[in-house]
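Dear colleague,

I am passing on the structure we spoke about, together with some notes on how its elements are arranged. Please look through it before reading on.

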Amino acid sequence: MSTPSDTKPLDFAAYWQDTLSQLARLPAAPEVEEIPLRSTDFATAYGVQLTSIGPYRIFGYLSIPTGEGPFPARYFLPRYGSVADLVPQGTSNGQRQRYVTFAICARGQRRSDRPYSAGFPGQLTDGIDDPYGYIYRGIVADCCRGLEFLVSRPEVNPQRVAAIGTDMALDTAALCPRVTHLVYTPVIFFQTLERAAATQAYPLEELNDYLRQRPEQRDQVAQTLAYYDASHFAPMVGARTLLMAEAGASPLGPAAMETVAGSIRSSTDVHESENSGYRDGAYSELWLSRELGVPEASLPPHWR
Amino acid sequence: MTILSNPAEFVSSVKRPADIDAFWEDVMAQTARIPLQLDVTHDPLRSSPQVDVYQVHYTSLDHVRIAGWYARPANHAGQLPGLLVVPGYSMEPLIPKNWAARGYAAFSVAPRGKLRSNGQFNPGYPGLLTHGIVDRNTYTYRGFYMDSCRGVDFLLSRDEVDADRLGVTGHSQGGGLSVVVAALRPEIKVATSGAPFLCGFMDAIDLTDGYPYQEIADYLRLHPDSRQQVTDTVAYFDGISLAPRITCPIIVNIGLQDSTCPPETGYALFRAIGSEDKQLYDYDGYGHDANNAVHTGIIEAFLAQHLEP
């Protein structure tokens, strides 16, 4: 009988406490430098460098609206891939008028790729035989460090701090109680091995590739992934949450994600994808602006 | 920023340069003089019982080494149709196992600046779109387009690939690159282009405030005196300028609420395509996905009809 990848490890809490303790022992040592090319008359852009566990130096894009704050904040967490944008592709750059935005480039991504440059594929299985050596432990720490930096800024309204993204957004909201709002789109870390067995698409195909070469490592891989399963992070989340589920009977659809949504401690809305970047994006944007108390949603011109 | 109620009525500002054909013939001739210097290595980690995967490297314009993933059915008899898969702007090129499983010899290229092709050239993201943009002879996409076109040379180098059954497919920047490769390489017999980027560059910066096109708006805000030079440069690289060269069957899909690649530019591209065998799928209620959830099946059927895997 193989170990499921969503069985909660007995030392789950200790594992993450140890990670946060390591982070707390390291000063963030921020360096903040303006990026004139990305600055506008309504917002100033900055490049930020911070120290995370390792120690490892990570980069982020910060944007601060022109005018008197404090402003609500949007914290964009990294997806699986090398590129992190100032604001996510497909969203309006105009959001920088109304929100402080911060996008973290986790270790291995561009701008945070010295000395470690991640491969895609490659990152999902890097160090996966050992929970303490797994690359995602550092990535989650990078995300928490970014959140600490963001809420330390005087321009940020600490009552309105939204974490937005895929798996790392959930993990950050779980580990950092100063996240007040969460828009979470599950992608990788939920019943991960079981879902990988049913697909040939990357990034989950990385796991199939890995286990074809090392089938004897299956239980160890499952144990490592269990430290990252959404079902264990969800009960730690106190932020008001929008869960963006896939459509229909997908393994990440509303029914499959019901236990995750139901165990989040705060009120949680579940949006079932309409398989339309426009409809899903507009729903998320309107939810965020409403919840963060911003009268006008930052919709791109073609969504208005 | 003015959005027309009917984007199909949009008139693009793109002016096709009179010497655009000569420009690209010269660039392609320069590229052809550079030996391909192929390196093809089987990748057991990424292979499966159904699909063999190879890491590929070749030399392109400016002697830049380019990487890619080649996937083909593990067990096949006779020659296979070749499919070039071209990548989006900020995504990593995917290993095209799904196409190999459908019976194609599929090559997914990582043009310069992408991971695995960034050892000699790495302007970064954001940044790639405006690198060298004031001069058509130095603009990033001069080499980037050739790196993609050389994927055709790689496929033609394979004994198992049928040279008479070559296609190209891509979405977003990949949709733009599909247009470019189909325009510049007559060996391509069929093309699909989804939510095409790199079409109507200068129109797009007025139609959308999102990245990646926003990179050009950022650049012009800092360098307002360069606007004419930028306009002159990108005219040579615009899919709308290159599309009249396309003669193969092609389908294009766009989303009418696309905030990344505005639908107005998709319509303008479609009108400019030279092929008589062309079809546009314009999906109302969809964004940059351009209704991929449904349209993927249409692409698969269209390619299968023409390439017979």
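This is a predicted model: local features need pLDDT of at least 70, side-chain atom pairs count only at pLDDT 80 or more; totals for chains, interfaces and linings use all residues.

**A helix pair and a sheet**

In helix 5 of chain A, the residues A:Leu207, A:Tyr210 and A:Leu211 make contact with A:Arg218, A:Val221 and A:Leu225 of helix 6 of chain A.

As for the geometry of the pair, the axes of helix 5 (residues 205-213) and helix 6 (residues 218-226) of chain A come within 10 Å and cross at roughly 150°. Since angles over 145 degrees count as roughly antiparallel, helix 5 and helix 6 of chain A are therefore roughly antiparallel to each other.

Turning to the sheet, chain A holds an open sheet of nine strands in the order 1-2-3-5-4-6-7-8-9, and its pairing is mixed. Its edges are formed by strand 1 (31-34) and strand 9 (268-272) of chain A, each of which pairs on one side only, and the twist from one strand to the next averages 20°.

Within that sheet, strand 4 (residues 71-76) and strand 5 (residues 100-105) of chain A pair in the parallel sense over four bridges, and A:Phe76 has A:Ala103, in strand 5 of chain A, as its bridge partner.

Finally, helix 9 (residues 277-291) of chain A lies across strand 4, strand 6 (156-165), strand 7 (181-184), strand 8 (240-245) and strand 9 of chain A, and helix 9 runs at about 180° to strand 8 of chain A.

Notes:
Residues are numbered from 1 along each chain as its sequence is written. Chains are lettered from A and ligands numbered from 1 in the order in which they are written. Side-chain values use heavy atoms; hydrogens and water are left out. Two strands pair if DSSP finds at least two bridges between them. Helices (H or I, at least four residues) and strands (E, at least two) are DSSP runs, numbered from the N terminus. Axes are lines fitted to C-alpha atoms, for helices over the stretch in contact, and angles run from 0 to 180 degrees between N-to-C directions. Contact means heavy atoms within 4.5 Å. Angles under 35 degrees count as roughly parallel, over 145 as roughly antiparallel, 65 to 115 as roughly perpendicular and the rest as oblique.
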